[in-house]
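Subject: Structure handover

Hello,

Here is the structure for your files. My notes on it come after the model.

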Amino acid sequence: MKKTIVIYYSNTGSNRYLAEKIARSLECDIEAIRPRPNLFPILILLSALKTSWGIKSLKHNPDEYDRIILCGPIWMGKFISPLRGFINRYRRRIKRLYFVTCCGSGDAVKNDKFGHGTVFQLVKDMLGDKCVLCQAFPIGLVLPEDKQQDSDTIMKTRLSDSSFTGEIQKRFDTFIQTVTE
């Protein structure tokens with residue numbers, strides 16, 4: 001059996017929810033990224049500048065894991081500073097990485113300016129063959145169809161046990177099956 005860890009960063013809680021759900025499903029270790037500094041306005045600025053001031057050392061040693069599932073948000077179509085800091089610090093020690101995100105951009109707009117497609121390509125470029133899969137879990141999937149494009153509703157919605165049903169649950173089940181194959 002391959003040893004797996006979920007490493008995550010979450011500002012509002014949805015990516016923490018997703019990371020914890022993945023870790024429970026895979027019965028694996030989990031650890032939060034602790035950025036330097038951990039001030040939201042500074043993290044937004046660093047993310048916009050495509051840089052990072054780094055992260056604090058992990059308690060778990062990435063060398064001990066065959067698979068790392070990196071989970072975190074995408075802000076305004078940018079690969080956020082804490083996730084960039086993780087890859088910059090541990091790139092050589094990563095064997096196989098799966099990147100997952102609970103994000104605001106849906107599949108139809110994934111390649112738009114604020115979509116997740118550009119970030120997925122960046123992660124693949126940074127890690128090459130080590131990046132096995134990138135998977136989006138758009139928050140719109142838990143909303144009624146008439147609210148799935150409403151940016152205010154999307155920004156206020158958080159993943160929870162009561163909302164994690166339907167299409168997002170199907171996507172999650174497929175992701176778990178793919179990771180365990």
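This is a predicted model: local features need pLDDT of at least 70, side-chain atom pairs count only at pLDDT 80 or more; totals for chains, interfaces and linings use all residues.

Residues are numbered from 1 along each chain as its sequence is written, and side-chain values use heavy atoms, with hydrogens and water left out.

Overall fold

The protein chain has 6 helices and 7 strands; helices (H or I, at least four residues) and strands (E, at least two) are DSSP runs, numbered from the N terminus. Their order along the sequence is β-α-β-α-β-β-β-α-β-α-β-α-α. The C-alpha trace spans about 45 × 40 × 25 Å along its principal axes.

Of the 181 residues, 49% are buried. Buried means under 20% relative accessible area, exposed over 50%, and partly exposed in between (1.4 Å probe, protein chains only). Among contacts (heavy atoms within 4.5 Å) with a separation of 6 or more, 74% are between residues 24 or more positions apart.

Nonpolar cores

A nonpolar core is a set of buried Ala, Val, Leu, Ile, Met, Phe, Trp, Tyr and Cys residues joined through side-chain atoms within 4.5 Å. The largest one has 30 residues, and Leu70, Phe86, Leu97, Phe99 and Val123 have the most contacts inside it. At least two residues of this core come from each of β1, β3, β4 (74-75), α3, β6, α4 and β7 (131-136). The most come from α4, which gives 5 residues. A second, separate core has 26 residues, including Tyr17, Leu18, Ile22 and Ile69.

Leaving out residues up to four places away in sequence, Val123 touches Phe79, Ile87, Leu97, Phe99, Cys131 and Cys134.

Salt bridges

A salt bridge is a side-chain nitrogen of Lys or Arg within 4 Å of a carboxyl oxygen of Asp or Glu. The count by this rule is 3.

- Lys3 and Glu64 form a salt bridge with an N to O distance of 4.0 Å. Lys3 is in the segment before β1 (4-8) and Glu64 in the loop between α2 (40-48) and β3 (67-71), 61 residues apart. Lys3 is partly exposed at 37% relative accessible area, and Glu64 is partly exposed at 46%.
- Arg93 and Asp63 form a salt bridge at 3.2 Å, N to O. Arg93 is in the loop between α3 (81-90) and β6 (97-101) and Asp63 in the loop between α2 and β3, so this pair ties together parts 30 residues apart in sequence. Arg93 has a relative accessible area of 31% and Asp63 one of 38%.
- Arg171 and Asp107 form a salt bridge, with their closest N and O atoms 2.5 Å apart. Arg171 is in helix α6 (residues 167-180) and Asp107 in the loop between β6 and α4 (117-127), so this pair ties together parts 64 residues apart in sequence. Arg171 is buried at 15%, whereas Asp107 is partly exposed at 39%.

Arg84, in helix α3, is buried and has no salt bridge, and the nearest side chain of opposite charge is Asp125 at 10 Å. Apart from neighbours within four places in sequence, Arg84 is in contact with Lys50, Thr51, Ser52, Phe79 and Leu122.

Arg67, in strand β3, is also buried without a salt bridge; here the nearest side chain of opposite charge is Asp66, 6.8 Å away. The side chain of Arg67 makes a polar contact with the side chain of Thr4 at 2.8 Å. A polar contact is a pair of N or O atoms within 3.5 Å; within protein, one must be able to donate a hydrogen and the other to accept it, and residues adjacent in sequence count only if both atoms are side-chain atoms. Contacts of Arg67 beyond four places in sequence include Lys2, Lys3, Ile5, Arg96, Tyr98 and Val179.

Regards

Key:
Lys and Arg count as positive and Asp and Glu as negative; His and the chain ends are not counted.
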